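Okay everyone, thanks for coming. I'd like to walk you through some ring contacts and then a bit of surface. Have a look at this one first.

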Amino acid sequence: MVSKKKVKKSQNVVSDENGNDISGGKVSKKEAKEHKQQLETLMQTQPEFYEYLKEVDKELLEFDDEGIDDDAEAELAEPEIEEEEDLDDSDFEKPDVVSKEKKEQVRVTITMEMVESWCKEILENEKVAPVRSLLKAYRVACHLAEENDENSTFKLTTMSKPVMNKVMVETLSNIDGILRNLMKLPSYGGKKETLIEVKTTKLWKKYEHLVKSYLGNSLHALNQMTDAKAISFTLKNLTKSSLFLAAFPTFLRKYIKAVLHFWGTGSRELSFAAFWFLRTLSVQLGSDCLDDCFKGLYKAYVMNCQFMNATKLQHIQVLRYMFVEFMSVDLPTAYQHGFVFIRQLAMILREALNMKTKEAFRKVYEWKYINCLELWTVAILKYGQEPDFRPLAYPLTQIISGVARLVPTARYFPLRMRCIRMLNCIAAATNTFIPVSMPLLDMIEMKELHSPPTGGVGKAVDFRTILKVSKQVLKTRSFQEACVASVTEELCEHLAQWSYSVAFFELSFTPAVRLRAFCKSTKIERFRKDVKELIRQIDANSEFINKKRATISFLPSDPAASSFHEEEKKSGASPLSKYVATVRQKSQQKNNFLAESSVLYGAEPSISDEMPATSDEENDGDKGEGVFTNFLSQQKELRDKPPEVENSKNKKKTNRRQEATEEDIVEDLVLSSDEDDEPLDDLPLPKKSFKAEKATPKRRNKPKSVNDDSVKKQRVSKAGKKRKRGH
């Protein structure tokens, strides 16, 4: 049966029963005559069906081939794309394979003059036709490596690298303002509610395919890019159009996934561009993407904290402060996620306390776990005074205190000092008393600090960059000096926080007594000198408080006690405050000296409430010149890369499992091993040796070889000979 076909007189377009254009937009005279002959044949062979078509679709039979030019096919090569009404994702589907002659007729090269003419028309006339042409060229640029393939049949299919760069830069820089102008949206920003209102209008239905084409092609380009500069430029311009993602939930999920990858693995500039995209997206869309962003950012941070080296240290610092800054978007939501994540840390610590195995202890005493604690410490340091976030300070303090007391050995002295430093920061941020003097004094009374060093002087030790020390370092003089210096510094910080309290004499009495006992027991003069200076400052501060304390009449429980020495506190007039300032200065000089030397492999960032000095103004002068010059080669490399064949089924299964778990639960903290692979000392050992379990794999039953029987006979004969000799 001849297929039903339809001719539109107004446009001279031949369409099939689904309304699809089968003539390329123009109909030749030859095709029109063939169609008319088919209708005449249908009338003769199937008169009943012909009568039925008269009743249903009379226009189909009233076909006239007059007025049709023979040169209609020549117009197919025009560069304009004004007749194309739909630019959605269906345009990216590869059509059926056609002959090479037809491909040569369809292929056209995009030139710089064409792109400039489109941009000029958009600026001067504000017409939709050049916008469609530019978006079509943008789609070609994003799929350029695919369109250069032999199976490609796109009308505009080739362009040079300068033209591709021009198309990408012009589209990314200007298309957001053009689309907003067409849909009568605000020139910048906006909320999700604004877009919902626009979606009910005719303008959205008319231009929705343009927005969808732009977002879809940009997502495809992001997945193909490998150059950090090109990705940063693309993300910064896509941030302007993040509001449109509210209309496309599928695109929204894919964009979040791709940008989170760039945030965790990119350079400083790329991480900031990805962070700003996610933050703007969360501000504009709210609950639609806020939970996914929180979980994704935390997981990316955790995955980057598995190992520590020179390059990772500064990268982790940037990620940490960006995540804390992201919390300011919605503090109540940040509190809910923070509660869940801190609870995960508490469960890992509880397992270590209950199980008391080396594997459980290793999950706690790892870089990943400690960096997570420092992340939430920085969050408390910044939002500790906010009522929506302050309740997280107490459980975090309990966890850090438990970690500090988990394995109280000298080898984990650096890790315990990290915990003490975090507790001091939380106490300062929340203005809450946290008893850290007792753990510090326990550390200074360890037997390793009282015995003479047998390992020599040793290299300088920086407790900020390690979690534990080896047995050899434990016996060096530099380790002992670093221990005493760190204890006195943190004890000064702790006492200086309460140097204006009316109860300072009671708070400092026990530390002063134990410090005097240390001075009597130690045989090292330089340690005795530093500790005596601290005791002298504590006594001076006690006299400073007792003088004012003798003149007051209120009780310690009265509200007036909080304003005690308020003016002196603002000016920093207490003896301990002045002494702490000098201690900090000496410590900073020491850290700078160590950083300049070759001893350290990096420097751990200090905990502060300041964001890294990055802004959008860093690349304001970048006009996008040459940004996408390598984009074509990157696409070809990805396209020509052979697929991995090994265990493809198993990889699919694991990927499905990972996707299923990532939706609701952030990955459990299965922590990596420390930089020192030695087993944990001073811990309860299981019956089997840990090294033996790890080093000796299980023996597998080997298949019998052909000569196994002969080998057995030889062994039996040798045993018989030995017995005869014995007799």
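One term before we start: when I say buried, I mean under 20% relative accessible area. And keep in mind that this is a predicted model.

So, take Phe-341. With a relative accessible area of 2%, Phe-341 is buried. Trp-376 is buried too, since its relative accessible area is 2%. Their ring centres are 6.1 Å apart with the planes at 35°, so we call this pair tilted.

How many aromatic pairs does the count come to? It comes to 19. Another of them is Trp-204 with Phe-248, tilted as well, at 6.1 Å centre to centre and 35° between the planes. Trp-204 is in helix H10 and Phe-248 in the loop between helices H11 and H12, so this pair ties together parts 44 residues apart in sequence. Trp-204 counts as buried because its relative accessibility is 4%, and Phe-248, at 8%, counts as buried too.

Now for the surface. Phe-505, Phe-509 and Val-513 form a nonpolar patch there, with about 280 Å² of accessible area together. Val-513 lies in helix H24, residues 504–521, and counts as partly exposed because its relative accessibility is 43%.

Last item: the charged end of Arg-526 sits over the ring of Phe-527, 5.1 Å from the ring centre.

Conventions
Residues numbered from 1 in each chain as written. Predicted model: local features only at pLDDT ≥ 70, side-chain atom pairs only at ≥ 80, totals over all residues. Heavy atoms only, no water. Patch = residues over 30% accessible without salt bridge, like charges linked within 9 Å, V, L, I, M, F, W, Y side chains within 5 Å. Areas by Shrake-Rupley, 256 points an atom, 1.4 Å probe, with all protein chains shown as cover. Salt bridge = Lys/Arg side-chain N within 4 Å of Asp/Glu carboxyl O. Helix = DSSP H or I, 4+ residues; strand = E, 2+ residues; numbered from the N terminus. Buried < 20%, exposed > 50% of the residue type's maximum accessible area, 1.4 Å probe, protein only. Phe/Tyr/Trp six-rings, centres within 6.5 Å; stacked < 30°, edge-to-face > 60°. Lys NZ or Arg CZ within 6 Å of the ring centre and 35° of its normal.
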